[in-house]
Amino acid sequence: MSPLKTAEIAVVDLLVDAQNPRFEKQNSQREAITKIVTEQGNKIVSLATHIAKNGLNQSELPIVTKEPGKDKYVVLEGNRRIAAIKLLSEPQLVNSLTIPESIARKLKELHTKHHKNLPLSIRCVVAASREEAGPWIEIRHLGENGGVGIIRWDGVAAGRFRGESPEWLLLQMVSESEFLDQDTRDKLYKLSITNIKRILDTPEARRLIGVDVKDGDLVVLGSPNEVMARLAIVVSDIANKHVKVTQLDSKEQRVEYAKKVIARELPKHHAKIGPTDLESSTPNKQTRKSKQRTTRSKGERKTLIPTTLNITLTQKRIAEIFGELQTLPIEKYKNSCAVLLRVLLEMSLSEYSQKRRIPLTTTSKKGNLVEMNLAQKLLAVANDMEKRKACEKKELQGIRELANSKNKVFSIQSWHAYVHNQYYHPNPKDLRNNWDNIEAFFVKLWN
């Protein structure tokens with residue numbers, strides 16, 4: 001099969017496919033676009049909003065074929081996107097369609113705000129015929145097809161991609177607890193995290209269950225053990241499909257569900273025989289069983305900080321902590337190592353700032369002078385070291401990633417959780433990786 005060519009095609013020359021497989025054949029462009037809007041409802045508004053603010057998806061070009069005898073192109077793949085662009089660009093088109101007034105109003109508001117930024121032409125993949133385009137459209141729409149098609153992310157994978165969020169933290173905490181039976185634990189890898197988000201997005205519902213969301217973090221209200229048991233009920237209901245999306249649609253439904261949760265008997269503890277980390281969750285039982293025993297490769301060190309690393313530390317307590325982290329077996333003392341690593345870094349930053357007279361304060365929103373948080377301190381010291389040429393930019397990459405990252409393993413949020421969250425369990429491998437990423441910075445810090 002020869003490779004398909006691409007071309008820049010004017011929006012006015014693109015035709016929505018009247019034979020779109022999403023619906024029966026339509027008789028005109030206006031009917032085809034009306035059908036898309038009618039079937040998609042607010043989804044087409046969401047798509048139009050995303051396009052208006054971010055542009056078209058550059059990783060996935062529309063597939064078109066030339067209309068016989070005309071200088072027009074029929075869109076074979078990407079009809080929703082092209083329909084959204086046309087609706088955004090042409091308010092007169094919106095007025096001519098028989099669609100809900102609420103949708104029409106939103107589309108016209110988007111046009112008013114963003115019409116100057118909309119593209120006049122779009123790069124498309126051009127196929128010689130529908131038949132030539134067929135195999136590529138199949139990959140996009142006909143499921144996994146044994147691995148040939150697109151394999152959708154499950155809720156857990158999506159949570160990892162987005163980074164830590166309240167719903168992802170909730171799922172992590174419950175997965176680490178002993179309130180889930182093994183059958184439910186096996187289903188966590190495919191759980192719909194969106195349903196958890198719906199509940200957490202409803203203040204009355206989440207507070208009834210015993211949690212709140214502040215500054216993007218999950219806060220436990222009341223007895224942690226009791227709250228964790230209630231959260232386990234929620235996770236179990238969603239994982240086992242005892243509660244469906246349609247039962248959590250409205251605010252009233254979510255509040256009513258929360259009331260039912262707190263009225264139920266709290267679950268008992270269950271022995272965990274499977275993995276305790278969501279990253280180990282897998283639908284393959286044989287693979288899961290093989291991961292129950294923690295193994296370490298021959299080349300993996302037994303301590304957090306390598307025993308061969310020699311640094312002259314002039315502050316006595318910092319030197320003692322450094323020595324302990326070169327001595328304690330990390331597999332056995334992972335909690336101690338996690339907390340000590342955070343203390344080591346924060347004390348070292350304070351020592352450096354005092355010697356270099358770097359202010360580690362900032363102005364709050366109210367205009368008051370307040371102490372920087374750990375991420376701000378890291379960046380302040382890193383910037384000073386780069387400015388003095390004490391450290392190269394590439395050597396500071398790890399520490400800056402630590403300060404800015406939202407990744408659940410390598411982030412300041414995780415380091416806070418090591419100290420303050422009784423349900424967040426440090427992983428020895430992650431801790432070693434954390435040190436490896438900041439070692440160059442730490443060595444130069446003390447030089």
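The model is predicted, so local features need pLDDT of at least 70 and side-chain atom pairs count only at pLDDT 80 or more, while totals for chains, interfaces and linings use all residues. Residues are numbered from 1 along each chain as its sequence is written, and side-chain values use heavy atoms, with hydrogens and water left out.

Let us begin with the sheet. Helices (H or I, at least four residues) and strands (E, at least two) are DSSP runs, numbered from the N terminus. Two strands pair if DSSP finds at least two bridges between them. Strands of a sheet pair through backbone hydrogen bonds, either parallel or antiparallel. Here you can find an open sheet of five strands in the order β1-β5-β3-β4-β2, with mixed pairing. Strands β1 and β2 (14–16) stand at the edges with a single partner strand each, so one side of each has no neighbour in the sheet. From one strand to the next, the twist averages 50°; such angles run from 0 to 180 degrees between N-to-C directions, and axes are lines fitted to C-alpha atoms, for helices over the stretch in contact.

Strands β1 and β5 run antiparallel and are joined by six bridges. Within this pairing, E8 has R123 of β5 as its bridge partner. The side chains of these two residues also form a salt bridge, with the closest N and O atoms 3.4 Å apart. A salt bridge here is a side-chain nitrogen of Lys or Arg within 4 Å of a carboxyl oxygen of Asp or Glu. The pair links distant parts of the chain, since R123 in strand β5 (residues 121–127) and E8 in strand β1 (residues 5–10) are 115 residues apart.

Next come two helices. Two packed helices are described by the angle between their axes and the distance between the axes. The axes of helix α2 (residues 42–54) and helix α3 (residues 79–89) come within 9 Å and cross at roughly 75°. That makes α2 roughly perpendicular to α3; the cut-offs are under 35 degrees for roughly parallel, over 145 for roughly antiparallel, 65 to 115 for roughly perpendicular, and oblique for the rest. Among the residues making the contact are I44 and L47 of α2 and A84 and I85 of α3, where contact means heavy atoms within 4.5 Å. The contact residues divide into nine nonpolar, no polar and three charged. In this count, Ala, Val, Leu, Ile, Met, Phe, Trp, Tyr, Cys and Pro are nonpolar, Asp, Glu, Lys and Arg are charged, and the others, Gly among them, are polar.

Let us return to the salt bridges. The whole structure has 21 of them. One joins R198 to D249, with the closest N and O atoms 3.3 Å apart. R198 is partly exposed at 24%, and D249 is partly exposed at 44%. Helix α10 also holds N195, which is buried at 5% relative accessible area. N195 touches I238, V245 and L248, not counting residues up to four places away in sequence.

Another salt bridge joins R207 and D212 at 3.5 Å, N to O. R207 is partly exposed at 47%, whereas D212 is buried at 8%. Elsewhere, salt bridges that share partners join R342, E346, E371 and K377 into one network.

Strand β6 (residues 211–214) and strand β7 (residues 217–220) pair in the antiparallel sense over four bridges, and V211 has V220 as its bridge partner in β7. Two residues lie between the strands of this hairpin, where D215 takes a positive phi near 55°. Which other residue has a positive phi of about 55° although it is not a glycine? That residue is R357, in the loop between α16 (334–356) and β8 (361–363), and R357 is exposed at 77%. K241, in the loop between α12 and α13, has a positive phi near 60° and is exposed at 66%.

How values were computed: Buried < 20%, exposed > 50% of the residue type's maximum accessible area, 1.4 Å probe, protein only.
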